[in-house]
Amino acid sequence: MALLTEYEVAALLLSLKVSLTAVCCSLPAGIFIAWVLARFDFPGKSLLDGVIHLPLVLPPVVVGYLLLISMGRAGWIGHWLYETFGISFAFSWRGAALAAAVVSFPLMVRAIRQAFEAVDTRLEEAAQTLGAGKLRVFFTISLPLTAPGIVSGMVLAFARSLGEFGSTITFVSNIPGETRTIPLAMYSFIETPGAEAQAGRLCVIAIIISLLSLVASQWLGKRAQQRAHGQC
């Protein structure tokens, strides 16, 4: 007897696909916004910070509904994307990745911002006095020193994306093979009489993946920190 059924394997692979896509696509914006919030003071900074962290306090269903009316096929952004580029997020795995990216983005930004704030600005200023441009300082000093925070933010976002349920089912529904990630598959099993064993297996898988992610985060963070100190 197979350890996992074909249905469970599909949900697992889809969850990994959605979570990795969400993290990779949101990482550049996460680094940029974290850097801006950590290094600059400007009018509206508190408002921007609040908007970035809003998904942490909003009910996931509200986030999903806002995505539906804005990024859905009939939404004011989604309609333009579909008519112009033929891109559609509604009821597809791309929409699930978008929902996961939105709800996990605050965790990524918070971790990376704290890492930027921990970098001694005197190192950046010293490099500039030696003739290094701002772009070179960012990529050779600031970014390497924040590598542990970036890794931590990525793993936190990945784990959060892996467990996203409310906004996903609201925005892209619960479609087998397309949007039915591990949480949605567990929900379907729980709703099905006699399918408790399948729900339990997916629960164990989710716990194992989350634990492995946290362990990997700590190990990669330490390695990145050692390399960063070695470069400086």
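In the residue classes used here, Ala, Val, Leu, Ile, Met, Phe, Trp, Tyr, Cys and Pro count as nonpolar, Asp, Glu, Lys and Arg as charged, and the others, Gly among them, as polar. The model is predicted.

**Cavity.** The count comes to one cavity of 30 Å³ or more. Ser15, Val18, Ser19, Ala96, Ala100, Ser161, Leu162, Glu164, Thr168 and Thr181 form the lining of the largest cavity. Two or more of the lining residues come from each of helix 1 (6-39), helix 5 (93-118) and helix 8 (147-162); helix 1 has the largest share, three residues.

**Largest pocket.** A total of 22 residues line the largest pocket, and Val63, Leu67, Leu98, Ala101 and Val102 lie nearest its centre. At least two lining residues each are supplied by helix 1, helix 2 (45-57), helix 3 (60-71) and helix 5, with helix 5 giving the most, six residues.

**Second largest pocket.** The residues lining the second largest pocket include Trp35, Arg39, Phe40, Glu124, Lys134 and Phe138. Helix 1, helix 6 (121-129) and helix 7 (134-145) each contribute at least two lining residues, and helix 7 gives the most, with five residues.

The volumes and lining classes are set out below.

| Space | Volume | Lining by class |
|---|---|---|
| Largest cavity | about 40 Å³ | four nonpolar, five polar, one charged residues |
| Largest pocket | about 560 Å³ | 18 nonpolar, three polar, one charged residues |
| Second largest pocket | about 290 Å³ | five nonpolar, three polar, four charged residues |

Methods
Residues are numbered from 1 along each chain as its sequence is written. This is a predicted model: local features need pLDDT of at least 70, side-chain atom pairs count only at pLDDT 80 or more; totals for chains, interfaces and linings use all residues. Side-chain values use heavy atoms; hydrogens and water are left out. On a 1 Å grid over the protein atoms alone, a cavity is a set of points where a 1.4 Å probe fits but cannot get out, and a pocket is an open set with protein on both sides within 12 Å along at least five of seven lines; lining residues have an atom within 4 Å of a point. Grid points are joined across faces, edges and corners, and a volume is the space filled by probe spheres set on the points. Helices (H or I, at least four residues) and strands (E, at least two) are DSSP runs, numbered from the N terminus.
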